[in-house]
Amino acid sequence: CALPISKGKRALILADQFPSNVYAWRERAAEDGGEVVTVARPADDDWTAAVLAGLDDRVAVVALPHCHWTDGGLLDLVAIGEKARAVGAALVLDATQSLGAMPLDVAKVQPDYLVAATYKWLLGPYAFGFLYVAPHRQDGRPLEHGWITRGGAEDFSGLVAYRDDFQPGARRFDMGERANFAATPVAIESLKLITAWGIGNVQTTLGARTADIAARAAKLGLSSAPPERRAGHFLGLRFAGGVPADLPARLAAERIFVSVRGPAMRVTPHLYNTDADVDRLFDVLKKAV
């Protein structure tokens, strides 16, 4: 990682954040003598205010998602980005849980780094992802030192004329074997499909679907974050006594697939889900509460 977390400095993360965006910062802080500080889950679901309150000049890196992977809790990345720049902190985003289903304006947010695996809302293959690196970070230390990221790598006849410079832009951060002949075409076609749909349209459609589910769930005594504080494509249903341990298995037996993440049962429909699917979900939920 090109971002140090030296003694007296911090990496700021969220409670119950996805592990891949936690372990790396723990390792970095341990190496450099810094620390990882966790923002507690806010009782009012206002993650933005909680992050802004903890974002001061002690923070070297603020590593966040756009929405929380457990229940879709939403963060105002424009406001957080402005505060991060004001205190000199690098903003590192994991957009895996949102990119492809929710608009994100990189020009307004201005992240230092943004990464997204394609297998979620980008509808792409496993073992493939995208990385955005801000222009002022593009001279950083590469993650690997393979041949394809070096200057002149396109000239196969000169590969053993070893060079210390790198490909222009952010290509120094590419993985080896980036020309994946199986995964790359799948990712490209998925991006074409999502672009044709329109990400705003995807968010609006899924937001209407989860709003309906949330309203029906509330009649059963299940709660969720208010609409303005969660991503439209995400819903985390909360049970007063905790999620029944056998509920995911009971739903799976009816071929209804949800997951328990943190304190909530995560419900994340996509465009292929129908009203009949939602009815089947509630047929089982009514028996469980």
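Strands (E, at least two residues) and helices (H or I, at least four) are DSSP runs, numbered from the N terminus. The bridge partner of Val92 is Tyr113, in β5. The model is a predicted one, in which local features need pLDDT of at least 70 and side-chain atom pairs count only at pLDDT 80 or more, while totals for chains, interfaces and linings use all residues. Residues are numbered from 1 along each chain as its sequence is written, and side-chain values use heavy atoms, with hydrogens and water left out.

The β4-β5 pair belongs to an open sheet of 6 strands, with mixed pairing and the order β2-β1-β3-β4-β5-β6. At its edges stand β2 and β6 (129-133); each has a single partner strand, so one side of each is left without a neighbour in the sheet. From one strand to the next, the twist averages 15 degrees. Strands of a sheet pair through backbone hydrogen bonds, either parallel or antiparallel. For β1 and β2, the pairing is parallel and runs over 5 bridges, with Ile13 opposite Thr38 in β2.

Strand β1 deserves a separate word. Of its 5 residues, 5 are buried, so β1 is largely enclosed by the rest of the structure; buried means under 20% relative accessible area, exposed over 50%, and partly exposed in between (1.4 Å probe, protein chains only). In a regular strand the side chains alternate between the two faces of the sheet. In β1, Arg10, Leu12 and Leu14 point one way and Ala11 and Ile13 the other, and all are buried.

With neighbours within four places in sequence set aside, Leu55 is in contact (heavy atoms within 4.5 Å) with Leu12, Val62, Ile80, Lys83, Ala84, Val87 and Ala89.

Two helix pairs can be described next. Helices α2 and α3 pack at an angle of about 0 degrees, with their axes 10 Å apart; the axes are lines fitted to C-alpha atoms over the stretch in contact, and angles run from 0 to 180 degrees between N-to-C directions. The two helices are therefore roughly parallel to each other, a term for angles under 35 degrees, with those over 145 counted as roughly antiparallel, 65 to 115 as roughly perpendicular and the rest as oblique. Thr48, Val51 and Leu52 of α2 meet Ala79, Ile80 and Lys83 of α3.

For α6 (residues 199-218) and α8 (residues 275-288), the packing angle is about 25 degrees and the axes lie 11 Å apart. These helices, too, are therefore roughly parallel to each other. Their contact is made by Arg209, Asp212, Ile213, Arg216 and Ala217 of α6 and Asp275, Val278, Asp279, Leu281 and Phe282 of α8.

A further open sheet has 3 strands in the order β7-β9-β8, with antiparallel pairing. Here β7 (235-237) and β8 (259-261) stand at the edges with a single partner strand each, so one side of each lacks a neighbour in the sheet. The twist averages 45 degrees from one strand to the next. Between β7 and β9 (residues 264-267), which run antiparallel, there are 3 bridges, and Leu237 stands opposite Met265 in β9.

Several loop residues complete the picture. Gln97, in the loop between β4 and α4 (106-109), counts as buried at 7% relative accessibility. Apart from neighbours within four places in sequence, Gln97 is in contact with Cys67, Trp69, Lys120, Trp121, His233, Phe234 and Arg266. Asp16 lies in the loop between β1 and α1 (20-32) and has a positive phi of about 60 degrees although it is not a glycine. With a relative accessible area of 43%, Asp16 is partly exposed. Gln110, in the loop between α4 and β5, has a positive phi of about 55 degrees, again without being a glycine, and counts as partly exposed at 41% relative accessibility.

Notes
Two strands pair if DSSP finds at least two bridges between them.
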